[in-house]
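Here are my notes on the model, point by point. Please read them with the structure open beside you.

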Amino acid sequence: MTDPDSPIVHRSGHVAIVGRPNVGKSTLLNRMVGQKLSITSDRPQTTRHRIAGIVTRPDAQLVFIDSPGYQTRSGGALNRVLNRTAVQVAEDADVVVLVCDVRGWTPADERIAKLLPADRPVLLAINKVDAVPDKARLIELVNKATACRAFDEVVPISAKTGRQVPLLLDLCAARLPEGPPMYDPDSLTDRSERFLAAELIREKLFRRLGDEVPYDSTVEIELFEELPKLRRIHAAILIEREGQKPIVLGAGGERIKRIATEARQDLEKLFGCKVYLELFVKVKSGWAATEQSLRAYGYE
């Protein structure tokens, strides 16, 4: 029986969210935090940077770290950097949540599972359970996954609807080391507004253009002015070739206007103030060609 006079144990630490591309890692982070911090789209490797989402409770502070989806198919400097980041996020965490898609345990899932550290808790979150009502399929996936490695817990969830996400949160909190909070109770992320602005613009770019513009496009913030009730932002969409510019601009500039409008609306919700966003296109060949060039754009 618990002594009511005993002090409450407070836990604090980092929880890595890892998995292959498009399994819902960023959606899960946003659901945990209750705020859109990590961008999402149907394109692989939408998440390119580690980003922290901070959840503060009376008994614990959980710092969830979203990571790039581990890419097993294609090479190149960008994918090498992102894969290194994904592995490092797991190695640095106190608890790891491996997210997989309920529709199937793949060789890529198995490879990632075997890369995860053996000396800390690893929980398996089987996402998108609302998409597959067949329980036999879920059991088959659990059997395949647990044959690959032992997991501390296996939790079927829906990051989209929030189903069983509070349970996953509790299970993560219980496995963190004892310690004081690392961040102010009101903090939601360790990233700056400038960083979040670039990410939200890139999300709209990917969602609007799909595969029309190659994967190696990005967004660079050239001006970020923070005023009491306004954010003034000038941002450039970086593309590889001049011929890609009409695709981003669209007929009469319609596409880039739509990207800017959608990004501005999300930024105003996030920042809680008016946003003036000026968006333009810049050709910058080779920005992602080497690991050295990637470091200039914040890639670790």
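1. D266 first: at 16% relative accessibility, this residue counts as buried (buried is under 20% relative accessible area, exposed over 50%, partly exposed in between, with a 1.4 Å probe and protein chains only). D266 lies in helix α8; helices here are DSSP runs of H or I with at least four residues, strands are runs of E with at least two, and both are numbered from the N terminus. Not counting residues up to four places away in sequence, D266 touches K36, L200, E203 and K204, where contact means heavy atoms within 4.5 Å.

2. A word on the source. This is a predicted model, in which local features need pLDDT of at least 70 and side-chain atom pairs count only at pLDDT 80 or more, while totals for chains, interfaces and linings use all residues. Residues are numbered from 1 along each chain as its sequence is written, and side-chain values use heavy atoms, with hydrogens and water left out.

3. Axes are lines fitted to C-alpha atoms, for helices over the stretch in contact, and angles run from 0 to 180 degrees between N-to-C directions.

4. Is K274 buried or exposed? K274 is exposed, with a relative accessible area of 57%. This residue is in strand β9 (residues 274-283). Setting aside neighbours within four places in sequence, K274 is in contact with K229, L230, R231 and E268. K274 and R231 are 43 residues apart in sequence, yet 6.5 Å apart in space, C-alpha to C-alpha.

5. On to helix α4 (residues 135-148). Its 14 residues should span 20 Å at 1.5 Å a residue, and the end C-alpha atoms are 20 Å apart, which agrees (the expected span is 1.5 Å times one less than the number of residues). The buried residues of α4 are L138, L141, A145 and C148. They cover an arc of only 85 degrees around the axis, so they sit on the same side of α4; the arc is that of the directions from the helix axis to the C-beta atoms. Their cover includes β4 (95-101), α3 (107-115), β5 (122-127) and β6 (153-156). The face turned away from the buried side carries the exposed residues K135, I139 and A147.

6. Beyond its neighbours within four places in sequence, D109 is in contact with R20, C100 and G104.

7. Last, a helix pair. Helix α1 (residues 25-33) and helix α5 (residues 165-174) pack at an angle of about 85 degrees, with their axes 10 Å apart. That makes α1 roughly perpendicular to α5 (under 35 degrees counts as roughly parallel, over 145 as roughly antiparallel, 65 to 115 as roughly perpendicular and the rest as oblique). L28, R31 and M32 of α1 make the contact with V165, L168 and L169 of α5.
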